[in-house]
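Please read it alongside the sequence and coordinates shown here.

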Amino acid sequence: MSLLATATVMRVLHWPRMVKLSEKSSTDAEGQAVSPGTLYVVGTPIGNLEDMTLRAVRTLKEVDRIACEDTRQTVKLLNHYGIETPTISYHEHNELTRAAELVVHLENGDNIALVTDAGMPGVSDPGYRLVALAVRHHIRVVPIPGASAFLSALVASGLPTDSFRFSGFLPGKAGARRTALGAIRHSPRTQIFYEAPHRIVEALSDIVEILGAERHIVIAREVTKLHEEFLRGRAGEVLEQLRKRGEVKGEITLLIGKPEEEPAQVQSAAKNVARRVRELMRSEQLEEKVALKQAAKEFGLSKSEAYRELQRSK
């Protein structure tokens, strides 16, 4: 290979390290065109700094600024990876006004990375408003995948992963929490929630009362961190374990398995849906379509699943 050819190859191989996005480079690491004014939604570690991806590190180094949920928390991550990009706060208390400010910067050609203290922005964390506003202004939004507490907990839980639903944090008030649990009583899929450590015992007590002591659950605590722990078992058993511990600490993901239905229960599911639809039509004067939607919500079913059960009963 000639010296000229060798030099050309070296320039291509080292291009990402030589030119920053803030200098409006024309290509990224893969040689693809990079447009100025891009919002990067960047996943960060949820406990273990080694879970930071190479792509995330490169992106944070190359953008013009980083919007952080807590600049004090993010600076620890940036220092660890030698990232000197300027930061700006973006959190639940200022996102209404700050989102508009950031979109102006994006429209002026700045590339901005959005991060939260841990995990993917927008998932039980600030981010949705900025992304939605950027989309409305036709600004390119690029996800940079990273760690996720609920997905990490799910794949290691031992509960079915073929169908699941993540619903963020359980309601803090007892009444609303019990209503939410009642709505998933007959759900055919794994249900996933985040829960505060000081409320987890109360939440499990409600699960035992509403879903039954025999319901399979998993408590994933401090996932990816030094004291990571998975408590697997029946709801009643796990509740007793936590009661004996006293104070519970750490980040918690609560996973609830689907009910173990007996054959007779499976056969009667269609009758239950149909009966409830008829009750709603009669007592609340609802049309069948509206009553079906309400029954589906009460049974924790999708509208299509409830419709199939209704058809089976006819």
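Helix H11 (residues 288-299) and helix H12 (residues 303-313) have axes that come within 9 Å and cross at roughly 110°. H11 and H12 are therefore roughly perpendicular to each other. The model is predicted, so local features need pLDDT of at least 70 and side-chain atom pairs count only at pLDDT 80 or more, while totals for chains, interfaces and linings use all residues. Residues are numbered from 1 along each chain as its sequence is written, and side-chain values use heavy atoms, with hydrogens and water left out.

**Terms for the helix pairs**
- Helices (H or I, at least four residues) and strands (E, at least two) are DSSP runs, numbered from the N terminus.
- Axes are lines fitted to C-alpha atoms, for helices over the stretch in contact, and angles run from 0 to 180 degrees between N-to-C directions.
- Angles under 35 degrees count as roughly parallel, over 145 as roughly antiparallel, 65 to 115 as roughly perpendicular and the rest as oblique.

**H11 and H12**
- Glu288, Lys289, Leu292 and Ala296 of H11 make the contact with Lys303, Ala306, Tyr307 and Leu310 of H12 (contact means heavy atoms within 4.5 Å).
- This contact of H11 with H12 has five nonpolar, no polar and three charged residues (Ala, Val, Leu, Ile, Met, Phe, Trp, Tyr, Cys and Pro count as nonpolar, Asp, Glu, Lys and Arg as charged, and the others, Gly among them, as polar).

**H4 and H5**
- Helix H4 (residues 95-107) packs with helix H5 (residues 128-136) at an angle of about 40°, their axes 9 Å apart.
- H4 and H5 are therefore oblique to each other, and H4 passes H5 in a right-handed crossing.
- From H4, Glu95, Leu96, Ala99, Ala100, Leu102 and Val103 meet Arg129, Leu130, Leu133 and Ala134 in H5.
- The residues of this contact of H4 with H5 divide into eight nonpolar, no polar and two charged.

**H7 and H8**
- Between helix H7 (residues 174-183) and helix H8 (residues 200-211) the packing angle is about 45°, with the axes 10 Å apart.
- That makes H7 oblique to H8, and H7 passes H8 in a right-handed crossing.
- H7 contributes Ala174, Arg177, Arg178, Leu181 and Gly182 to the contact, and H8 contributes Glu202, Ala203, Asp206, Ile207, Glu209, Ile210 and Leu211.
- By class, the contact of H7 with H8 has six nonpolar, one polar and five charged residues.

**Largest pocket**
- The largest pocket has a volume of about 690 Å³ (on a 1 Å grid over the protein atoms alone, a pocket is an open set of points where a 1.4 Å probe fits, with protein on both sides within 12 Å along at least five of seven lines; grid points are joined across faces, edges and corners, and a volume is the space filled by probe spheres set on the points).
- Of its 35 lining residues, Ile46, Asp117, Ala118, Gly119 and Glu251 are the closest to the centre (lining residues have an atom within 4 Å of a point).
- Helix H3 (71-80), strand S7 (190-195) and strand S10 (252-256) are the elements that give two or more residues to the lining, and H3 gives the most, with four residues.
- The lining has 16 nonpolar, eleven polar and eight charged residues.

Conventions. A crossing is left-handed if the near helix is turned anticlockwise from the far one by less than a right angle, and right-handed if clockwise.
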